[in-house]
Amino acid sequence: MREQFLSNCEKNFIKKIILEGHRLDGRNYDESRKLDICFGSEYGSCIVSIGETKVLAQVSCEVVQPKQIRPNEGILYINVEISPMAAPQFEANRQTDLTVYLNRLLEKCYKDSKCIDLESLCIVVEEKVWSLRVDLKILNHEGNLIECSSIATLVSLAHFKRPDVTRSGESVIIHTLAENDPIPTVLYHYPVCLTFAIFQNNVLISDPSYIEETVCTSTTEDGNTIGGLLVVGMNQYKEICLLNHTEAAIHNSNIVHRAIQSAAERSKSVVDLIKAEIIRDDNLRQKRTKINFSDIITTNHVQSLSMKDLKICLKNYNINDIKMEEDNSPTEILDDKQDIKPEKSKYDVVASLPQTAEIKAKEGASTWIEISSESDVDSS
Amino acid sequence: MKVSIGDVVLPGDYFDEISTDNAKSRVVIGPGLRKEEDHVYITKAGVLKKKNPHTYWIDSYQKRVDIGGSTTAALSYLSFEGATKKNRPEVQVGDIIYAKLVIASKDMEPELVCIDSFGHKGRLGVLTDGFVFKCSINLIRKILSPQCPLLESLKNEWPFELAAGMNGRIWIKANSMKETIALGNAVLGAEFMSQEEIKKMSNNISATLAGHVY
Amino acid sequence: MVPERLQDFKLKPLKCELNFLSKSDGSAILSQGDTVVLASVNGPLDIKTTSQNIEKATLEVLFCSKEGKPSVADRFKENVIRNTCETAILGCLYPRTGITLTIQELENYGGLLTCAVNCACLALINSGVGMRHVVAAVSCAVNEVGDLVLEPTQQEAESARALLYFVFDSRDKNLVTGFTEGTFSEDTYEEALVRCRLASDFVFQFYRDVVKKYSNVI
């Protein structure tokens, strides 16, 4: 399927509200959506979600021959896959620009920043090293894939443990997880990629949603883009590991400084959360608690969307205000129907509105209702 | 499995009541039902509903429409009020249009018009400004149903315009950006709420909008 | 041999959430015991003219394993699932369109294929695509002694002499897909078929419960 076309009125609306200081989902400029990490039963498998964006990561390892130029270093390989599951416009088994871009960014952030001790992955120099492979599957694309997949990569690498190895003379024995405790990967520092959308060179938005990202990188009538996306890779020591910018050029160095400052705060809190989650998970595993992805299936609400973030939301709106009353109200739905009397409207404009609604319900929209009125006539 | 009115049904269930009805009267089977030989089979999961005298359908959850949702639709220049070959309406690529379907068949390209059968445009046409968002088809049906208190209670709070299309898109416009967001919030929030909850929510939102949260 | 009463059967605990993904037209996450699968359905959509079919909808199935490169085993599962689901979908309602079904493995502790088929069916139910019937997959193993084990665990499956997978439709409990591994006698096959057919009722009942839960609010 083609890319979903964004209408002019959506573009203009988003542009306007952002310049007025609002965001569609009620967040502040520097506010991110809720970050959620959940682990699978194996080491190095996790699902990371930022709002509705979801990424699955799994680390696997195998023993391979090292590269000739680096005979004493292990190999790290990152592979991103975007299937039609993420959004309907993606095609199966086909590399898109987005896949390549994501792969490049993540490799820059995790390989080139040397955050992993690759030398510790060496078993026999020039002969055997561990090769770590991170498989990332995009499950749902609601914007800010870069941040979500970078956190997923980091979490899965930090969570992963490889089997223990002992050397006896020429032979190398790989122990199973039951025989010897597995060994965690050594990470020198924890870099995360954080995304900012820049609108018209002065508004800086962290964690852009899908629609904000699309509006930001779409072209205006004069052929220029409205804004650009800035990716800052930063570790918990506030060291920059990566800077990447796409679309409209920045002609204001101030905004980059602001982005870096904001990234410094967020990266610290993200890394703290990751560490806390991994420790919590480790404690649970030591108590032999079963951890499985089936834990993310929630049965307490009917459909997952009903309780989670709404796409369009006011700043102070809180769904729990309404849901608290749930216990006494929904039982007698049928009775409520009689209570509703059409009230006189304060505004002239609005008075015509329910009429439109009625017309629409009867016309073309749902033909079977229309026919049903005919059949009423027939039988009477 | 054999089912009857009001049951929760799954595809493959069958329904006998229709065939035993008086053969003379016209029976209408709506979405989610399909006649195969002597039985009426269910094709969608949901609740089987009946409207007197002989209309049956399934209330199911859906995000995409059966027709027109999958292919491009044709919109003729002549399908606007007062349009002639010389006098062309102003429609640009990327505009949102409030239109009706004239042809809706699974085998043909859907065709849209912006006039009713008398040649008047009514409320149809290009929608300017405002905001469009997608939602499930159920939500559209819900807010358009005469029993739904959402629009009734919201219209007393602040003025707005709303157009809901059966293709799962809602267009909204209010005087200010904040009011538009509040409206979108109310509409989306109503999806899984009962009538009482909807009323409470619309009060809540207007209070939030006015700036005093309780 | 007389099959036991329905109460004697035990399936792994089923747990499901519909509409797990916001971008897909229909999605479901299903766990059967420790095996977890996520499925998403998109469609009916516009597709390339070369893969369009003027008679019915084209069903594309993609199975993603959790790690490593796509393998032949994945393609095989895709085939099984596609053939099964094609019988269930009323493709003739949506000519010249495509329906994409993507299945992601999350945890594999035996019975991945059955879980994937059931999850795909739930995702199709959630998407509102017209269906001829729903399908339920049940697996069965013949252990070393020659006894039948319904819904084997991973250890049981590994040590089993044979594995049998069956998929049934909801109309007359007809066999839609049958698929076996290992050696077994004809009688064992017949008995396994009867047992699995009875057990499929649980799965259909589970589907009904899932739908019931959310049909209250729509």
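Modeller: The interface between chains B and C involves 21 residues of chain B, in contact with 28 residues of chain C; two residues are in contact if their C-beta atoms, placed from the backbone, lie within 7 Å. On the chain B side, β6 (46-51) and β7 (55-60) each supply at least two of the residues that touch chain C. Helices (H or I, at least four residues) and strands (E, at least two) are DSSP runs, numbered from the N terminus. By class, this side of chain B has seven nonpolar, eight polar and six charged residues. Here Ala, Val, Leu, Ile, Met, Phe, Trp, Tyr, Cys and Pro count as nonpolar, Asp, Glu, Lys and Arg as charged, and the others, Gly among them, as polar.

This is a predicted model, in which local features need pLDDT of at least 70 and side-chain atom pairs count only at pLDDT 80 or more, while totals for chains, interfaces and linings use all residues. Residues are numbered from 1 along each chain as its sequence is written, and chains are lettered from A and ligands numbered from 1 in the order in which they are written.

Chain B has five helices and 15 strands. Of its 214 residues, 47% are buried, that is, with 20 or more other C-beta atoms within 10 Å of their own; exposed means 12 or fewer, and partly exposed in between, with C-beta atoms placed from the backbone. Among contacts in chain B with a separation of 6 or more, 60% join residues 24 or more positions apart. An unreviewed UniProt entry annotates residues 130-176 of chain B as "domain: K Homology"; UniProt positions are given in the numbering used here, feature names are shortened, and annotations may be inferred rather than shown by experiment. That span is 30% helix and 34% strand, and its end C-alpha atoms lie 10 Å apart.

In chain C, the unreviewed UniProt annotation "domain: Exoribonuclease phosphorolytic" covers residues 11-129 and 133-193. Residues 11-129 of chain C are 28% helix and 35% strand, with end C-alpha atoms 28 Å apart. For residues 133-193 of chain C the figures are 23% helix, 44% strand and 20 Å. C:L198 sits in helix α4 (residues 186-215) of chain C. C:L198 is partly exposed because it has 18 other C-beta atoms within 10 Å. Its C-alpha atom is 8.9 Å from that of C:K173, 25 residues apart along the chain.

Chain A carries the annotation "domain: Exoribonuclease phosphorolytic" over residues 31-163, again from an unreviewed UniProt entry. This span of chain A is 23% helix and 37% strand, and its end C-alpha atoms lie 40 Å apart. In chain A, the axes of helix α2 (residues 97-112) and helix α3 (residues 145-159) come within 11 Å and cross at roughly 45 degrees. α2(A) is therefore oblique to α3(A). A:L102, A:L105, A:L106, A:C109 and A:Y110 in α2(A) meet A:L145, A:I146, A:S149, A:S150 and A:T153 in α3(A). This contact has seven nonpolar, three polar and no charged residues.

Helix α4 (residues 210-217) of chain A is largely enclosed by the rest of the structure, because six of its eight residues are buried. They are A:Y210, A:I211, A:E212, A:E213, A:V215 and A:C216. The buried residues of α4(A) pack against α1 (8-20), β11 (192-199), β12 (203-206) and β13 (227-234) of chain A.

Conventions. Axes are lines fitted to C-alpha atoms, for helices over the stretch in contact, and angles run from 0 to 180 degrees between N-to-C directions. Angles under 35 degrees count as roughly parallel, over 145 as roughly antiparallel, 65 to 115 as roughly perpendicular and the rest as oblique.
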